[in-house]
Amino acid sequence: MTSSARHSLSFDSSPDTSKTRTPRRSQKKSPLPINILQRLPLSFSSSLHLQLIEEKDNIDGIEEQCDTKVLVIEMARNIMSEYTPLSDFLANDADFQHYALPRTKVIDVAPSQLQKSSNKNNDSSSASSQLDNYVALAKLIDQFYYEYDGFVIVEKVSKLAYAASYLSFMLENLCKAVVFTSSTNKLDAAFNDAKMNLISSLIIAGRSGINEVTVCFDRTVYRGNRTIRHDQASHAAFESPNMKALAQFGTALIINKSMLLPVPKRGFKVFTRMFSDIIVLYLTPCTSFALLRYLLCCDGHGNDKNKGRGSSQEQKAPRSRGVVISLYGAGNAPQSPALKQILVDSIDVYGCNIVITTQCTKGHVNMSVYAAGNYFHGVGLINGHDMTIEACVAKLAYLMGKGLKGSELRHRFAQDMNGELTPMHLIKGRIVDYKRNKGDHHGVNNVFGK
């Protein structure tokens with residue numbers, strides 16, 4: 001324990017029968033009790049008294065008293081507990097009554113209620129119930145946006161990265177914290193991460209100043225559209241491979257303020273016309289080109305123009321589709337004329353918008369680095385840069401929902417809109433120049449025009 005952060009815990013052996021929250025304004029102000037983030041035996045939770053002595057220069061912008069309001073939205077029942085509704089748990093558990101935490105209200109929303117709400121005046125092109133849920137969630141945040149200081153969204157852990165990526169684009173000009181969280185073990189388990197994740201998320205939503213869509217998991221805060229789930233069986237289930245975490249809980253909450261998004265200059269609004277006809281393909285060395293043609297080269301109505309089904313008057317216009325293809329390394333694929341022709345036909349004839357991303361967890365897509373990538377120059381592929389697959393899908397759904405296509409879509413996709421990608425000039429600064437001693441190493445110098 002460092003001298004700058006000294007914790008003092010005391011336990012009262014007598015049970016707390018009042019179950020009432022101590023008045024906020026009448027209490028003496030004290031710094032944030034980070035001790036409540038530590039996992040303690042359940043038998044102590046109702047009688048725990050916390051005190052933290054910490055120097056101001058280590059608080060990192062967190063005020064002593066919390067008088068903010070946070071809306072907690074549970075996307076499906078029984079995510080955090082099999083037996084107790086989340087609203088009842090937060091109301092009766094002593095740790096959530098601490099004056100250093102924001103005041104909360106819980107909305108327990110079943111998927112059927114979300115879909116019913118989104119079907120009313122639904123302006124999305126969605127045939128997907130999950131996208132309908134995202135639309136309804138965005139409208140719910142819009143409804144309560146000016147009543148609460150922040151929002152905590154409790155979503156299933158398997159869908160968390162996609163939900164955070166979609167909402168990061170749907171909530172335009174966001175000036176409040178929207179924090180996604182979940183748990184790998186529920187509150188009913190003796191050893192769980194649910195309570196820690198909830199408390200951490202409430203602090204981020206209510207008093208951190210991180211006003212964007214984030215994922216808070218295992219004491220770490222990530223940008224929502226930079227997050228992937230990398231471990232199925234660990235409490236540290238998420239990571240941000242191409243960007244550092246925004247904040248980290250320890251003896252103090254450390255926030256990387258230089259990485260936060262700038263304050264938007266326009267008013268908050270919700271965009272819900274997200275495009276839904278998007279597929280993700282993972283290319284392997286043994287992928288059949290015939291299968292790729294079957295998936296990509298059809299008009300969206302089940303017809304392949306090359307087969308000449310029906311007259312030209314009977315055939316409908318090609319239906320636009322979004323495709324995310326995960327290639328090798330920096331965006332490499334087999335140098336096959338057949339594959340190149342499939343991609344050309346799918347884009348020029350069948351209206352596909354194809355985004356290229358990498359199968360590597362870390363790294364940046366640049367198809368000019370190797371000859372295998374240069375082979376597809378001029379086809380009209382969209383560079384996925386260092387975005388996650390979840391972010392690529394969400395951004396493509398957002399831009400195609402706005403009606404963009406062709407060169408305009410490729411131009412907008414390359415722009416950093418909500419912190420979802422690293423600009424090329426920053427990537428360039430990380431590349432080592434080998435030209436001085438070893439020549440053009442892997443084409444790096446050629447890529448950046450040296």
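Which residue lies over the face of Tyr 145? Lys 176 does, at 4.7 Å from the ring centre.

## About the model

This is a predicted model, in which local features need pLDDT of at least 70 and side-chain atom pairs count only at pLDDT 80 or more, while totals for chains, interfaces and linings use all residues. Residues are numbered from 1 along each chain as its sequence is written, and side-chain values use heavy atoms, with hydrogens and water left out.

## Charges over rings

Besides Lys 176 over Tyr 145, there is Lys 395, whose charged end sits over the ring of Phe 413, 5.1 Å from its centre. Here a charge sits over a ring if NZ of Lys or CZ of Arg is within 6 Å of the ring centre and within 35 degrees of the ring normal.

Let's turn to helix H9, residues 389–401. Helices (H or I, at least four residues) and strands (E, at least two) are DSSP runs, numbered from the N terminus. Twelve of the 13 residues in H9 are buried, where buried means under 20% relative accessible area, exposed over 50% and partly exposed in between (1.4 Å probe, protein chains only). Among them are Lys 395 and Tyr 398. After H9 comes Gly 403, with a positive phi near 90°.

Tyr 398 has a relative accessible area of 6% and takes part in aromatic pairs with Phe 169 and Phe 271. The structure holds nine aromatic pairs; rings of Phe, Tyr and Trp (its six-membered ring) pair if their centres lie within 6.5 Å, and planes under 30 degrees apart count as stacked, over 60 as edge-to-face and the rest as tilted. Phe 169 and Tyr 398 make a tilted pair, 5.7 Å centre to centre with 35° between the planes. This pair joins helix H4 (residues 160–170) to helix H9 across 229 residues, and both Phe 169 and Tyr 398 are buried. Phe 271 and Tyr 398 are edge-to-face, at 5.2 Å centre to centre and 75° between the planes. Phe 271 lies in the loop between strand E14 (269–270) and strand E15 (278–282), so its pair with Tyr 398 in H9 ties together parts 127 residues apart in sequence.

## Salt bridges

Side chains of opposite charge can pair when their charged atoms come close. A salt bridge is a side-chain nitrogen of Lys or Arg within 4 Å of a carboxyl oxygen of Asp or Glu, and the structure holds nine salt bridges. One of them joins Glu 82 and Lys 186 (2.6 Å, N to O), linking parts of the chain 104 residues apart. Glu 82 is partly exposed, with a relative accessible area of 43%, and Lys 186 is partly exposed at 26%.

Asp 386 and Arg 226 also meet in a salt bridge (3.2 Å, N to O). Asp 386 lies in the loop between strand E18 (382–383) and H9, and Arg 226 in the loop between strand E9 (220–223) and strand E10 (228–229), so this pair ties together parts 160 residues apart in sequence. Both Asp 386 and Arg 226 are buried. Elsewhere, Asp 93, Asp 95 and Lys 195 are linked in a network of salt bridges.

Terms used. The expected span of a helix is 1.5 Å times one less than its number of residues.
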